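Reader: I would like to learn how to read strands, helices and single residues in a model. Could you take me through them one at a time?

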Amino acid sequence: MTGKDNFNFESLLDESVKIHGHLCPGQVLGVRMSILGLEKVDIEDPKGKDRKKVMVFVEIDRCATDAIQSVTGCSPGKRTMKLLDYGKMAATFVNLNTGKAIRILAKEESKAAAKNYCTEIEDKYERQTAAYKVMPDEELFKWEEVSVEIPPEDMPGRPLKRVQCEKCGEYVQDNREINLDGRIYCKACAGKAYYKK
Ligand SMILES: [Zn+2]
Ligand SMILES: [Zn+2]
């Protein structure tokens, strides 16, 4: 079963379900992925004494993301969770003190493999959720050590820089501006807006 000394799987799952709003396979996967990731980068107490040591890069914006936030205590607002919209069920856990980083990917095959577990449960969704609780880490995930370079302007703390867009006049923090032919633009004015006026 998951969860060594520092992590109680069931109570972490309870907490995550409260925040997320429902129990789903993504919560179970997210909680287990987080426990595995934190253990692999030697983080024992992510919401306590180790809270300034941990950062997570999440590659998907789905159910598991909430679980990862809940277990790790990392969040976009604290700048300790970076949401990368790759559409992949994967995340990288980084120990900021040691630089150790582990990228964990949920295996595509785990969904099919889940059918071999908890066969007494008839409902497919419920069976999958229950199976993900008991399947070994190796069957659920693939992981490897990676290296992640985190530029100073992406770290928690006060903004390092603040510039004004020459077109709209809005301010842009932390090097997110775009330099086009010597002029400073925000991303929206540089043609990367997600909205239209
Ligand atoms: Zn969900
Ligand atoms: Zn602008």
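Reader: How many bridges join E3 to strand E4, and in which direction do the two run?

Author: In this predicted model, strand E4 (residues 101-106) is joined to E3 by 5 bridges, and the two strands run antiparallel. To see one such link in the structure, look at Phe93, whose bridge partner in E4 is Ile102.

Reader: In what order do the strands form the sheet?

Author: The open sheet is formed by 5 strands, which follow the order E2-E1-E3-E4-E5, and their pairing is mixed. At the edges stand E2 and strand E5 (141-146), and because each has a single partner strand, one side of each is left without a neighbour in the sheet. If direction is ignored, neighbouring strands of this sheet are turned against each other by 15° on average.

Reader: Which strands does H2 lie across, and which does H3 touch?

Author: H2 lies across E3, E4 and E5, and runs at about 155° to E4. H3 also packs on the sheet, where it touches strand E1 (54-58), E2 and E3, and its direction makes about 180° with that of E1.

Reader: How should I describe two helices that pack together?

Author: The general idea is that two packed helices are described by the angle between their axes and the distance between the axes. Here the axes of helix H2 (residues 25-40) and helix H3 (residues 63-72) come within 7 Å and cross at roughly 40°, and H2 and H3 are therefore oblique to each other. The crossing in which H2 passes H3 is right-handed.

Reader: Which residues make the contact?

Author: On the side of H2 they include Gly26, Leu29, Val31 and Leu38, while H3 contributes, among others, Cys63, Ala67, Ile68 and Val71.

Reader: Which residues is Tyr86 in contact with, leaving aside its neighbours within four places in sequence?

Author: With those neighbours left aside, Tyr86 is in contact with Glu59 and Ile60. As for Gln27, which belongs to the contact of H2 with H3, Tyr86 and Gln27 are 59 residues apart in sequence and 19 Å apart in space, C-alpha to C-alpha.

Note on methods: Residues are numbered from 1 along each chain as its sequence is written. Chains are lettered from A and ligands numbered from 1 in the order in which they are written. This is a predicted model: local features need pLDDT of at least 70, side-chain atom pairs count only at pLDDT 80 or more; totals for chains, interfaces and linings use all residues. Two residues are in contact if their C-beta atoms, placed from the backbone, lie within 7 Å. Axes are lines fitted to C-alpha atoms, for helices over the stretch in contact, and angles run from 0 to 180 degrees between N-to-C directions. Helices (H or I, at least four residues) and strands (E, at least two) are DSSP runs, numbered from the N terminus. Angles under 35 degrees count as roughly parallel, over 145 as roughly antiparallel, 65 to 115 as roughly perpendicular and the rest as oblique. A crossing is left-handed if the near helix is turned anticlockwise from the far one by less than a right angle, and right-handed if clockwise. Two strands pair if DSSP finds at least two bridges between them.
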